[in-house]
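Subject: Structure for you to look over

Hello,

Here is the structure I said I would pass on. My notes on what turned up follow below it.

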Amino acid sequence: MFVIVGLGNPTAQYEGTRHNAGFDVIDVLAEKYNISVDARKCRAFCGKGIIAGQKVLLVKPQTYMNLSGESVGGIVNYYKIDPESELLVIYDDISLDVGQLRIRKKGSAGGHNGIKNIIAHLGTTVFPRIKVGVGEKPKNYDLADYVLGHFSKQERELMEEGYEHASDAVEQIVQGEIEAAMNVFNKKVKA
């Protein structure tokens, strides 16, 4: 089984914020593949289904971003999956343009507290991830205020396109085609 985790913050006040890009991709996948993400396990909302012929578990941790590892670590241990080959984490990245994707097989947290906490709980930096660009923080802006802020109408359109691309990338990755997904989606998006 492939565990696909989208990072974000629970509660309505965070819906549609930059930091919830991971949740938004999970919502796109859930709708596209008719998967209900409403079961509760390991402090997360989860839903089992099939994507591209593969059994998957869609996961939205409910621990708040900075403690994402508590939920993800619990899921990995409960289902006894190998993070290197059976886990995919989707999250926001301020170093990428709005809606742009960057797929990696492993890597550091790059200053992302949710990823930092997952690495701490899993004890490894080797797990595939899809970073979804939310745009660079404007000068003199508080980082927390920025990532917890909402998109403009124009940005929202780019993000929705990015979420669709991320769902296409997930299809390839669960079929073992991460290299192909990287070749397609790690290109700079033309504005």
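Valine 170 is in contact with Ile4, Leu29, Ile51, Leu88, Ile90 and Ile130, leaving aside its neighbours within four places in sequence; contact here means heavy atoms within 4.5 Å. This is a predicted model, in which local features need pLDDT of at least 70 and side-chain atom pairs count only at pLDDT 80 or more, while totals for chains, interfaces and linings use all residues. Residues are numbered from 1 along each chain as its sequence is written, and side-chain values use heavy atoms, with hydrogens and water left out.

The nonpolar cores

Val170 is also one of the residues that touch the most other members of the largest nonpolar core, which has 33 residues; the others in that group are Ile4, Ile51, Leu58, Ile103, Ile130 and Val132. A nonpolar core is a set of buried Ala, Val, Leu, Ile, Met, Phe, Trp, Tyr and Cys residues joined through side-chain atoms within 4.5 Å. Buried means under 20% relative accessible area, exposed over 50%, and partly exposed in between (1.4 Å probe, protein chains only). At least two residues of this core come from each of β1 (2-6), α1, β4 (54-61), β5, β6 (101-104), β7, α6 (153-174) and α7 (178-185). Helices (H or I, at least four residues) and strands (E, at least two) are DSSP runs, numbered from the N terminus. Helix α6 supplies the largest share, 7 residues. Another core, of 21 residues, lies apart from this one and includes Leu57, Val76, Ile119 and Leu122.

The pockets

The largest pocket has a volume of about 470 Å³. A pocket is found on a 1 Å grid over the protein atoms alone, as an open set of points where a 1.4 Å probe fits, with protein on both sides within 12 Å along at least five of seven lines; lining residues have an atom within 4 Å of a point. Grid points are joined across faces, edges and corners, and the volume is the space filled by probe spheres set on the points. Of its 23 lining residues, His19, Gly111, His112, Asn113 and Leu143 are the closest to the centre of the largest pocket. Strand β5 (87-93) and helices α4 (113-122) and α5 (143-147) each give two or more residues to this lining. By class, the lining has 10 nonpolar, 10 polar and 3 charged residues. Here Ala, Val, Leu, Ile, Met, Phe, Trp, Tyr, Cys and Pro count as nonpolar, Asp, Glu, Lys and Arg as charged, and the others, Gly among them, as polar.

The second largest pocket holds about 150 Å³ of space. Among its 14 lining residues, Asn9, Glu15, Asn20, Phe23 and Lys60 are the closest to its centre. Helix α1 (residues 21-32) gives the most to this lining, with 3 residues.

Cysteines and loops

The count of disulfides is 0, where a disulfide is a pair of cysteine sulfur atoms within 2.5 Å. The sulfur of cysteine 42 has its closest cysteine sulfur in cysteine 46, and at 6.9 Å that is too far for a bond. Cysteine 42 is partly exposed at 25% relative accessibility, whereas cysteine 46 is buried at 2%.

Valine 126 lies in the loop between α4 and β7 (129-133). Not counting residues up to four places away in sequence, Val126 touches Pro83, Glu84, Lys105 and Lys106. Aspartate 142 is in the loop between β7 and α5 and is partly exposed, with a relative accessible area of 41%.

Regards
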